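Have the structure open while you read.

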Amino acid sequence: MTIPGSIPLHAIAHGRSGDKGNRLNVNIIAYDQKHWPVLLEEVTAERVAALFAHRGVTEVRRYELPLLGALNFVIEDALEGGVNSSLAVDTHGKCLSYLVLGMEIRVPVEPDEDALSRRVLQSAK
Amino acid sequence: MYRIGSGAGFSGDRIDAPQSVVAAIAAAGEGGAVIFETLGERTLALGQIAKRQDARRGYEPLLDDLLEPVLAQCVASGIVVVGNFGQANPPAAAAAIQALADRLGLGALRIAIVGGDDLVGRVDLSKTERWDGDGRLPDLDGDVIAINAYMGAAAIAGAISAGAQVVVTGRVADPALALGPLVAHFGWGWDDLDRIAAGTLAGHLLECGSQVSGGFFADPGVKDVPDTANIGFPIAEVDSDGSFVITKAPGTGGLVDLRTVKEQLLYEIHDPAAYLTPDVTLDISQVELTQVGPDRVRVAGAKGHPAPEKLKATVSYFGDWLGEAEISYAGPNALARAKLAVTTIGERIRRRDLPVRHRADIFGTVSAFDSDRGDLLAEFGGNAAGDYRVRFAFGGTSQRDVERAVQEVNALYCCGPAGGGGVRQSVKPRVRTLSHLVPRHLVQPVFHFAGEAS
């Protein structure tokens, strides 16, 4: 198994963000169940917290949903006050799933990896 | 099998969406329900303000536009209309719906009005705990506009069992709009927690309208969605055991597949094993999704646990004033000119000692992801000669001071960096909300029929 470099999470996963009060949640879902272990390994609560550090995040909790191939992140205090008091453009945080999807991750590749994965990796170079 | 469709996922949703949903349910010939979710956290406070100014207002302003094209078919086909479009004034919404029915020649309808969510004067907030999701937000003092508890589905179910053709509510938990008709149809017991959970899950997937059927999903070349200008709103076909298929009307755009359902399944969910609603604690961690046909996904495996002891209530206050103003810079050295506008306004706010919070974004750089301090913008090294729009936001308790700050942006026309154009500005009041947890005994969901004693 080699580690040929990194690709954006967006290449293997999709997701959506939503808000309640000053609490943001972002779900991250693998397109292909074979990438579920990659999500578990690479998309950690610590790395997500680092993405929101400049927003003053205080806590990130990660919930794992293996049947769905999905992770759900609950992110505290990253909305600059939330929809009713934030001065940000996107007061709901609806754009913020793409902050997580822009994360660079490492995807292990077997020598006989299928063509789709090669294309994903090439397009990321 | 029982069909429930979504007619609106928020206040401001596509007005023509209910038409294909109602037509599809009617064509199946077995009745059903269509639900309208039009009540955000702040919407109710805005309705309360409107109601104070005019006792006939305070409900969903687009109510007539939403219902006029579909009400006759709903009545003719036995499709119950359920909506929280009553907002702060369900009786006025009921009167408006009857007036619409009169205009359409439908005669007197059985319109149920659900109440009990309004807690103004009924709860001492100082004796309640705040909901933890508001985190570090400061306590608010100031005038309370509204306090509304999220109620469960019992009154909705009761009203439908008593013969309601239309059910008008104020604040209820969004999934209750679907759970109510399901309990009325199947006769599920409230202690049959797995079925109550399944009905709640159906409501959760329907409540945001097209977000489960191709809305808020398209990512061109990655997640393509057919005919985004005509997305079919979702319909749940629910079996008596609580499992259901999410689909949409034939001939519409959008799509229903495992990806769209997964994104919505986890939308605004925190702990997937414990989604708290007034009727049940819903566990979706073991939910199984199966694509059973084109635009058809079967959902099964919801688990229910007892509902929480306390109910969430939204407390709305008059907030501060929000001022926004924008100006554009383009062409050679535009980024530097835009950044100079940002620092100039910051200096003007300091020199005039205006008591306002402020933030600046440069659209085209990193605005949506950035902090109020502009940490990401400070490191942005993109195109120096782009086409940039600087957007300033000011918050403060004094309308006059916020207006003064906004006026400083207008003054950039003559005093600011070279080539700044296209100033647009606005100042508006904001409603702020905090959530509290209130004892269940304070909230008594009730219904009565319009025209009868409450």
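## Helices on the sheet

Helix α1 (residues 17–28) of chain B lies across β1 (2–8), β2 (32–36), β3 (79–83) and β8 (234–238) of chain B, and runs at about 165° to β1(B). Helix α7 (residues 176–186) of chain B packs on the sheet too, touching β1, β2, β3 and β8 of chain B; its direction makes about 160° with that of β1(B). Angles run from 0 to 180 degrees between N-to-C directions, with axes fitted to C-alpha atoms, for helices over the stretch in contact. Helices (H or I, at least four residues) and strands (E, at least two) are DSSP runs, numbered from the N terminus.

This is a predicted model: local features need pLDDT of at least 70, side-chain atom pairs count only at pLDDT 80 or more, and totals for chains, interfaces and linings use all residues. Residues are numbered from 1 along each chain as its sequence is written, while chains are lettered from A and ligands numbered from 1 in the order written.

## The sheet itself

The sheet is open, with ten strands in the order β12-β13-β9-β8-β1-β2-β3-β7-β4-β19 (chain B) and mixed pairing. Its edges are β12 (288–293) and β19 (446–449) of chain B, each pairing on one side only (pairing takes at least two DSSP bridges between two strands).

## A buried proline

Pro278(B) sits in the loop between β10 (275–276) and β11 (281–283) of chain B. Pro278(B) counts as buried because 24 C-beta neighbours lie inside 10 Å (buried means 20 or more other C-beta atoms within 10 Å, exposed 12 or fewer, partly exposed in between, with C-beta atoms placed from the backbone).

Technical notes:
Two residues are in contact if their C-beta atoms, placed from the backbone, lie within 7 Å.
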